[in-house]
Amino acid sequence: MGMNFHHQQNRITYSSRTADPSWKSAMQQLVSINNVSRAADIGCGGGIYSKALLDMGIPSATAIDFSETILEGAEENCREYDNISFHHGDAYSTGLSSNQFELVLERALIHHLSDLSSCFQEAHRLLKDGGTFIIQDRTPEDCLLPGDESHIRGYIFDLFPRLSTIEMNRRHESKEVLEKLLVNGFTSIQEVQLWETRKTYTNKKQLLQDLRKRTGRSILHELSDQELEVLLNHVGQAISTDGDIIEKDRWTIWTAVK
């Protein structure tokens, strides 16, 4: 069935977390934050990572999303941050002026896109000369790692193999990302992997409640309510601890310079 990013019930689905220190630390190793005065967060979702960029010391950020509904949730989530502006636009055509950002971030975005070349052209246009482009997403290899008590996402594909096909079809191989960056004028291209802490739950019940709400997990919208209950039962039995659960996902991050 898929997730409707424009439905009001999903307005805050990507606003309920904060960026983990592991992510901030990785970003600080990949880009010189002191040289960034303006950043663009394309596909900002709930604004979690727009806030994180400012918390790291970047003076201002522009948060862009194609869903006005999701953008409304982001504005609510970032209401204490006066130096984040919000803009309705998509990754192919943001409608923003050229050559104005030292950093463009696209986190968990490109798996929603079929035309990487157009997306990367737009990022290149927005960046100042010498600016950094950071893409964070999952490759097929990242997605299909088995489930365990920290890699909760893996249980989804263990239990519902058909979702593996959906996931593989929407994920881009690293080779494709690297090639499209190169042909669209980017240089100094690097690739790293990151196990990012997604969220820490105080107990198993809290995790299962989060899964039941499908919070920030578009793949779960491919399951019926009955299938979701089967997943919850499976995860509940697979996880033995009832103490803290630290959920992590593996990501691939590509950095490139204009």
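The structure is a predicted model, in which local features need pLDDT of at least 70 and side-chain atom pairs count only at pLDDT 80 or more, while totals for chains, interfaces and linings use all residues. Residues are numbered from 1 along each chain as its sequence is written, and side-chain values use heavy atoms, with hydrogens and water left out. Over residues 41-135 the chain is 31% helix and 31% strand, and the end C-alpha atoms are 10 Å apart; helices (H or I, at least four residues) and strands (E, at least two) are DSSP runs, numbered from the N terminus.

The largest nonpolar core, where a nonpolar core is a set of buried Ala, Val, Leu, Ile, Met, Phe, Trp, Tyr and Cys residues joined through side-chain atoms within 4.5 Å, has 23 residues. Buried here denotes under 20% relative accessible area, exposed over 50%, and partly exposed in between (1.4 Å probe, protein chains only). The core members that touch the most other members are Val-104, Phe-120, Phe-133, Ile-135, Val-177, Leu-181 and Phe-186. Two or more residues are given to this core by each of β1 (38-42), β4 (101-107), α4, β5, α8 (174-183) and β7 (245-257), and the largest share, five residues, comes from α4. When residues up to four places away in sequence are not counted, Phe-186 touches Phe-120, Ala-123, His-124, Leu-127, Phe-133, Leu-181, Ala-256, Val-257 and Lys-258, contact being defined as heavy atoms within 4.5 Å.

A pair of aromatic rings is described by the distance of the centres and the angle of the planes. Rings of Phe, Tyr and Trp (its six-membered ring) pair if their centres lie within 6.5 Å, and planes under 30 degrees apart count as stacked, over 60 as edge-to-face and the rest as tilted. By this rule the count comes to three aromatic pairs. The rings of Trp-23 and Tyr-49 have centres 4.7 Å apart and planes at 70 degrees, so this pair is edge-to-face. Trp-23 belongs to helix α1 (residues 21-30) and Tyr-49 to helix α2 (residues 48-55), and the pair thus links distant parts of the chain, 26 residues apart; both Trp-23 and Tyr-49 are buried. For Phe-120 and Phe-133 the ring centres are 5.5 Å apart and the planes stand at 80 degrees, so that pair too is edge-to-face. Because Phe-120 lies in helix α4 (residues 116-126) and Phe-133 in strand β5 (residues 127-137), the pair ties together parts that are 13 residues apart in sequence. Phe-120 and Phe-133 are both buried, and together with Phe-186 they form one aromatic cluster.

The charged end of Arg-107 sits 4.4 Å from the centre of the Trp-251 ring, and Arg-138 lies over the face of Trp-251 at 3.8 Å from the ring centre. Arg-138 is also among the contacts of Arg-153, which, leaving aside neighbours within four places in sequence, include Glu-167, Ile-219, Glu-247 and Asp-249. Arg-153 is located in helix α6 and, at 6% relative accessibility, counts as buried.

In helix α7 (residues 161-170), the buried residues are Leu-163, Ser-164, Glu-167 and Arg-170. Seen down the axis of α7, they fall within an arc of 135 degrees, so they line one face of the helix, the arc being that of the directions from the helix axis to the C-beta atoms. The face turned away from this buried side carries the exposed residues Pro-161 and Asn-169, and what covers the buried residues of α7 includes α5 (140-143) and α6 (153-159). In α3, Thr-69, Ile-70, Leu-71, Gly-73, Ala-74 and Asn-77 are buried, and the buried residues of α3 pack against α2, β2 (60-65) and β3.

Glu-80 is found in the loop between α3 (68-77) and β3 (84-88) and, at 71% relative accessibility, counts as exposed. Asn-99, in the loop between β3 and β4, has a positive phi of about 55 degrees although it is not a glycine, and with a relative accessible area of 43% Asn-99 is partly exposed.

How values were computed:
Lys NZ or Arg CZ within 6 Å of the ring centre and 35° of its normal.
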